[in-house]
Amino acid sequence: MRPYFDPEYENFNQRINPPRVCIDNTTCSDCTLVKVDSMNKNGILLEVVQVLSDLDLTILKAYITSDGGWFMDVFHVLDKKGQKVTDEKTIEYIEKALGPGSNIPSAKKGSTSPGRSVGMHSIGDHTAIELKGPDRTGLLSEIFAVLADLECNVMAAEVWTHKTRVACVVYVNDVSTGQAIDDPCRQSGIEERLRHVLRGHGGDDDGGRGAHTNFAVESTHVDRRLHQLMHADMEFYEGALQGDAAAADGTAVTVEHCEEKAYSVVNVRCRDRPKLLFDIVCTLTDMQYVVFHAAVTSDGIYGIQELYIRRKDGRTLLKDEAEKVIKYLEAAISRRVSEGFTLELCGRDRVGLLSDVTRVLREHGLTVTRADVTTVGEQAMNVFYVRDASGQPVDMKTIEGLRGQVGQTVMLNVKTVPDAVMAPEQAGSSMAKTNFFSFGGLFSKLRV
């Protein structure tokens with residue numbers, strides 16, 4: 001006879017030991033400390049980092065430990081303006097999302113938001129469509145044109161490209177009813193049209209495997225889902241696993257073995273940017289690895305991370321696993337890095353707006369490398385990361401031409417994506433001065 005295990009035991013234990021969240025604006029003069037103490041559970045680190053990232057908070061430093069049954073984190077953060085986090089609504093959201101009775105919307109099935117926990121504008125009844133396939137100039141314009149032709153209103157969308165591949169999650173509803181598109185026959189017709197667009201005019205050399213379209217059933221955080229789509233793509237396209245492009249901007253990822261405590265140690269050094277920690281933790285979590293300890297810091301334009309991980313069965317990584325982790329992390333880091341210009345468009349939403357805007361971009365010879373499309377009420381707020389299709393710097397005449405065409409119907413703000421300006425030798429010198437806490441150093445001292 002098997003012993004009885006109460007399925008409510010874990011929830012009961014959490015009620016006895018509820019998570020504690022502290023927002024500290026007094027300890028440090030130049031940043032806010034977010035302290036989280038909680039019972040340890042699978043995926044908790046990703047949930048915490050996801051909440052902070054969705055608020056567009058910059059993580060300057062972080063100290064993470066979760067050995068045993070308890071999880072303790074300290075994050076040094078700034079808001080999107082580079083100031084301490086003092087907004088009462090933001091503080092209240094963090095406390096509710098991570099504290100007792102936490103309910104992270106994007107982690108729950110049936111969320112009405114496009115996977116974001118915050119900023120969080122409810123987009124109403126919608127249907128999510130996932131696409132991935134070979135990228136090419138003008139592809140996004142064709143996708144939005146097809147959706148407009150099929151009377152699908154795009155309420156939100158997130159688009160990533162990496163090397164020669166593209167992944168996209170689009171949230172749509174029916175133009176006439178404003179409701180989700182649930183009819184299986186209509187869904188099948190939309191899938192077929194979009195798959196044809198992804199395959200391109202010349203077809204797909206791998207028999208269609210490279211073009212993937214489906215209606216999402218479960219609600220997953222949109223950034224995490226895009227990582228998953230691109231990671232799955234890498235399984236089929238080994239050429240995308242090469243790390244030469246990732247190393248070109250100074251990115252370095254290594255995996256070592258920590259003999260003292262039987263951990264695999266992942267060291268990351270790369271250009272710092274928003275959501276870097278989320279991308280790394282998300283990748284490791286989806287590869288079925290657990291982060292037990294981590295130390296994160298930033299130094300100028302560079303971010304430095306040291307993560308102590310094991311497989312879910314408690315073992316350290318084998319050699320081939322370590323090589324795969326390095327390649328997947330390099331890809332996850334580089335796919336959110338953008339070059340060229342960002343185009344921020346804000347205006348009254350209408351059916352076909354995205355189709356018109358992306359068509360103008362295509363006509364000016366610009367390629368969209370990333371896109372973030374959101375609708376708030378009747379206002380469309382779209383951000384496009386663009387570069388010249390030939391790889392050359394974007395001509396200012398082209399930008400002025402865009403202003404002339406697009407600016408007639410929406411507000412257009414153009415920003416240059418900053419490039420790294422620090423030479424490798426300068427970076428090495430700067431890193432040497434960084435006061436960086438290392439769990440490796442702590443383990444060595446404990447051993448002595």
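This is a predicted model: local features need pLDDT of at least 70, side-chain atom pairs count only at pLDDT 80 or more; totals for chains, interfaces and linings use all residues.
D279 is located in helix 8, which spans residues 276-286.

The side chain of D279 forms a polar contact with the side chain of R273, at 2.8 Å. When neighbours within four places in sequence are set aside, the residues in contact with D279 are H227, R273, A332 and R336.

## The chain as a whole

The chain has 448 residues, of which 49% are buried. Its secondary structure consists of 13 helices and 16 strands. The accessible surface amounts to about 21,700 Å², and carbon and sulfur atoms contribute 51% of that area.

Among contacts with a separation of 6 or more, 71% involve residues 24 or more positions apart.

## The sheet from strand 1 to strand 9

Eight strands form an open sheet in the order 1-2-4-3-11-12-10-9, and their pairing is antiparallel. Strand 1 and strand 9 (252-258) are the edge strands, each pairing on one side only. From one strand to the next, the twist averages 20 degrees. Helix 2 packs on this sheet and touches strand 2, strand 3 (58-65), strand 4 (70-78) and strand 11. The direction of helix 2 makes about 20 degrees with that of strand 4.

Within this sheet, strand 11 (residues 289-299) and strand 12 (residues 302-311) are joined by ten bridges in the antiparallel sense. V296 has Q305 of strand 12 as its bridge partner.

## Helix 2 and residue L46

L46 belongs to helix 2. Its relative accessibility is 3%, so L46 counts as buried. Not counting residues up to four places away in sequence, L46 touches R224, F278, V281, C282 and T285.

The contact between L46 and R224 links positions 178 residues apart along the chain. The C-alpha atoms of L46 and R224 are separated by 9.9 Å.

## The two faces of helix 3

Helix 3 covers residues 88-98, and its buried residues are T90, I91, Y93, I94, A97 and L98. Viewed down the helix axis, these buried residues fall within an arc of 160 degrees, so they line one face of helix 3. In general, an α-helix has 3.6 residues a turn, so residues three or four places apart point the same way. The face of helix 3 turned away from the buried side carries the exposed residues E88, K89 and K96.

The cover over the buried residues of helix 3 includes strand 1 (20-24), strand 2 (32-39) and helix 2 (44-54). Helix 3 lies across strand 1 and strand 2, and runs at about 160 degrees to strand 1.

Strand 13 (residues 341-348) pairs with strand 15 (residues 379-388) over eight bridges in the antiparallel sense. In this pairing, L345 stands opposite N382 of strand 15.

## Strand 5 and its partners

Strand 5 is mostly covered, with seven of its eight residues buried. Strand 5 and strand 7 run antiparallel and are joined by eight bridges; A128 stands opposite Y171 in strand 7.

Strand 5 also pairs with strand 8, in the antiparallel sense, over four bridges.

Notes. Residues are numbered from 1 along each chain as its sequence is written. Side-chain values use heavy atoms; hydrogens and water are left out. Buried means under 20% relative accessible area, exposed over 50%, partly exposed in between (1.4 Å probe, protein chains only). The arc is that of the directions from the helix axis to the C-beta atoms. Contact means heavy atoms within 4.5 Å. Accessible areas come from the Shrake-Rupley method with a 1.4 Å probe; for residues, only the protein chains shown count as cover. A polar contact is a pair of N or O atoms within 3.5 Å; within protein, one must be able to donate a hydrogen and the other to accept it, and residues adjacent in sequence count only if both atoms are side-chain atoms. Two strands pair if DSSP finds at least two bridges between them. Axes are lines fitted to C-alpha atoms, for helices over the stretch in contact, and angles run from 0 to 180 degrees between N-to-C directions.
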